Amino acid sequence: MSARLIVHRAGPGLSIQDLGRSGYLAFGLSRGGAADRLALYEGAALLGKEPSAAAIEMAGLGGTFEVTTDTRIALTGAPMKATLQDGTELRWNASHLLAAGMQLSIGAVRAGSYGYLHVGGGIANELQLGARSAHLASGLGARLRDGAELPLGDDAGGAVNMTLTPEPRLDGGTLRMVPSLQTSLFGAAEVARFQEVRFHRDSRANRMGVRLLPEGQGFALEGGLSVLSEVIAPGDIQVTGDGTPYVLMSECQTTGGYPRIGSVLPCDMPRVAQAQAGAAFRFEQVTLEEAVEIERRARAERERLPSRLTPLVRDPARMRDLLSYQLVSGVTAGRDLDEAL
């Protein structure tokens, strides 16, 4: 029987996610995929696999998991308490070896919103329209439930007990945006004010969109509700009739009639996804040329993630899997040491 991951207890926000599926906007299906796409690249770096491999996304709360064969895992995104059945606590933003039959319990987020559990060979559920991710808004796939058994892909193997320092993105910050099709309708003064005002992430947020509450007056546009519906995409900033902006997320609708004051750069979207209620944001408009260069640098940083890995330092007295650590990197003859002295 193939290797499986068993979900003994599933939090309410668990789903299988990858980088999503493109090419279906004309059919009313947005890209979907992981809310925090950077977390997939970090997991891929930790396990030496492709970022397109499917992982388990945990929104706010994890669950209890078990594998049927020794399996390499990694934990990225919003940090959560991860504890093995024997009481060993696992480091977040790190890779580990999960022994067959050993249960892993993942609790609530300590910061941020979305945590990710990766496995060496990826979750190998059935492909649908070229991807494995659940698109919850459209009913493509579903949330994971207690007792779910997920097939695991073949793992080529590699190191574990490695860690990396993630890109900071859990506490809000500056969101860079480019002009959208309706930016000019707001007028230069309002666009400038939009960049001066501080916003706070509302409690109303999901995989479709995140509501941001401005300090002070909103940004209602006269005649804004008469804008014709047209194609929209993740990152677009729609301003509703009451002047409140929404940043559209991975499972947003594919058309919309609310005016858009701008569009957040893809590399800044993990900040929106991971922010908890109350997190503060500011917007900064950049030119298209600047945006292309920013995205180029962000892509280069993602490609360099494997080079940023460092060994996970742990207390040897508490290490159950000593053989998976590279405790000795070389040997020397005693006479060489004598000669050196």
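Two strands are taken to pair if DSSP finds at least two bridges between them; helices (H or I, at least four residues) and strands (E, at least two) are DSSP runs, numbered from the N terminus. By this criterion strand S14 (residues 199-205) pairs with S21 in the antiparallel sense over two bridges, and His 200 has Ala 280 as its bridge partner in S21. The model is a predicted one, in which local features need pLDDT of at least 70 and side-chain atom pairs count only at pLDDT 80 or more, while totals for chains, interfaces and linings use all residues. Residues are numbered from 1 along each chain as its sequence is written, and side-chain values use heavy atoms, with hydrogens and water left out.

Seven strands close into it in the order S13-S20-S17-S18-S15-S14-S21, with mixed pairing. On average, neighbouring strands of this sheet are turned by 40 degrees against each other, direction ignored; axes here are lines fitted to C-alpha atoms, for helices over the stretch in contact, and angles run from 0 to 180 degrees between N-to-C directions. Strand S13 (residues 173-178) runs parallel to S21 (residues 280-285), joined by five bridges, and Gly 173 has Phe 281 as its partner there. Towards strand S20 (residues 260-264), S13 is antiparallel, with two bridges; Met 177 is partnered by Val 264 in S20.

Helix H3 (residues 188-196) packs on this sheet, touching S13, S14, S17, S18, S20 and S21, and its direction makes about 140 degrees with that of S21. Phe 194 is in contact (heavy atoms within 4.5 Å) with Met 177, Phe 199, Phe 219, Ile 237, Pro 245, Ile 261 and Phe 283, leaving aside neighbours within four places in sequence.

A nonpolar core is a set of buried Ala, Val, Leu, Ile, Met, Phe, Trp, Tyr and Cys residues joined through side-chain atoms within 4.5 Å, where buried means under 20% relative accessible area, exposed over 50% and partly exposed in between (1.4 Å probe, protein chains only).

S6 pairs with strand S9 (residues 104-109) in the antiparallel sense over four bridges, and Leu 84 stands opposite Leu 104. Two bridges also join S6 to S7, again antiparallel, with Leu 90 as the partner of Ala 82. Four residues lie between the strands of this hairpin, where Gly 87 takes a positive phi near 95 degrees.

Glu 89 lies in S7 (residues 89-90) and is partly exposed, at a relative accessible area of 40%. Its side chain makes a polar contact with that of Arg 110 (3.1 Å); such a contact is a pair of N or O atoms within 3.5 Å, and within protein one must be able to donate a hydrogen and the other to accept it, residues adjacent in sequence counting only if both atoms are side-chain atoms.
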